[in-house]
Amino acid sequence: MTDWPSIAEQITAASGRRCAAGPVQPIGGGCINRAAVLGSGDQRLFVKLNEVGLLAMFEAEAAGLAEMASTQSIRVPMPICTGVAGLESFIAMDFIALGGGRSDAKAAGRQLAAMHRCRRERFGWDRDNTIGSTPQPNPAYDDWVSFWADQRLGFQLKLAAENGYRGRLQQRGAQLLERFGALIDHDPAPSLLHGDLWGGNLGYAQDGAPVIFDPACYYGDREADLAMTELFGGFGMHFRAAYEEAWPLAPGYPVRKQLYNLYHVLNHLNLFGGGYLSQAENMVDQLLAELC
Ligand code: ADP
């Protein structure tokens, strides 16, 4: 049973605004965590819950939301606090009523481009986080190709081997790791990325304004975020046109898109199993064919 009085007390301490321990309305739709709306009317907050050992995951989520909010480019729920209550860890953030109104997909494209203009010197981030429930390491690198080889593709391929996916995927994957650098000829810069930008992590507030949430932030090639918006759909052509109007993409993106989405397909293989194996192998084959 969730210890709502403890959560409300911690929210009150963090926000300086008294938070009541109810009403609580559980909501579905998330992939990883349990979620609920705490409070009513203007006082509503959105709270996600999981086991105690996953506090660091929520801390990284709060840091990612704060990082994106600091760019003042696209709306995100403001994190209020994270903590442990009884046998659970939690994150509390602003509640934003989503859906039911207009969807300004053009604004989503423009505003994501604006967020990507926020840059750092180096690739990676200040802290590691998770992609789904898989660890996502973010050490700082000067070189994007090495970062993608070591911390993204190489990391997931190693996990896949540990999960028993050896053989062809590993052989062809190793060849790709050696050679994919030839595809990165567009001088990518370290942009702030959402990091897990599938359609389920974009919503629209009642006034139509886009909202993104549930991030796996790091600084990387902006094309990696854009690629993921095309992996499972849900963003629409107005989104993409507005993004490109704000900040055109370099030639070669359609091929690099596969390289960047391979990371997520490998992650799905590691999280959900063999159904994604042939998709991952096909993507590796296509990328190697581009490099012949
Ligand atoms: P999970 O981490 O379990 O994947 P999400 O962060 O994606 O959970 O949240 C689950 C659902 O809750 C989302 O699809 C979205 O519809 C809704 N949601 C997420 N954040 C908020 C928020 N701050 N306010 C209102 N609804 C939200």
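Which strands each supply at least two residues of the shell around the ligand? They are β3 (45-51) and β5 (88-94), strands (E, at least two residues) and helices (H or I, at least four) being DSSP runs numbered from the N terminus.

## Basis of the model

This is a predicted model, in which local features need pLDDT of at least 70, side-chain atom pairs count only at pLDDT 80 or more, and totals for chains, interfaces and linings use all residues. Residues are numbered from 1 along each chain as its sequence is written, and side-chain values use heavy atoms, with hydrogens and water left out.

## Ligand site

The ligand sits in the largest pocket. A pocket is an open set of points on a 1 Å grid over the protein atoms alone, where a 1.4 Å probe fits, with protein on both sides within 12 Å along at least five of seven lines; a molecule sits in a pocket if more than half of its atoms lie within 2 Å of its grid points. Because domain 1 (4-94) and domain 2 (105-290) both give residues to the shell, the ligand lies between them; the bounds come from an automatic or database domain assignment.

## Polar contacts

Polar contacts are pairs of N or O atoms within 3.5 Å. The side chain of Asn-33 places an N or O atom 2.8 Å from a ligand oxygen atom, and a polar side-chain atom of Lys-48 lies 2.6 Å from an oxygen atom of the ligand. At Asp-94, a polar backbone atom is 2.8 Å from a ligand nitrogen atom. Taken alone, the ligand exposes 550 Å², of which the protein buries 88% (Shrake-Rupley method, 1.4 Å probe).

## Backbone geometry

The peptide bond from Gly-22 to Pro-23 is cis, with omega near -5°. Pro-23 belongs to the loop between α1 (4-15) and β1 (24-27).

Definitions and conventions: Polar contact = N/O pair within 3.5 Å; in protein donor to acceptor, adjacent residues only side chain to side chain. 1 Å grid on protein atoms, 1.4 Å probe; cavity = no way out; pocket = protein on both sides within 12 Å on 5 of 7 lines; lining within 4 Å.
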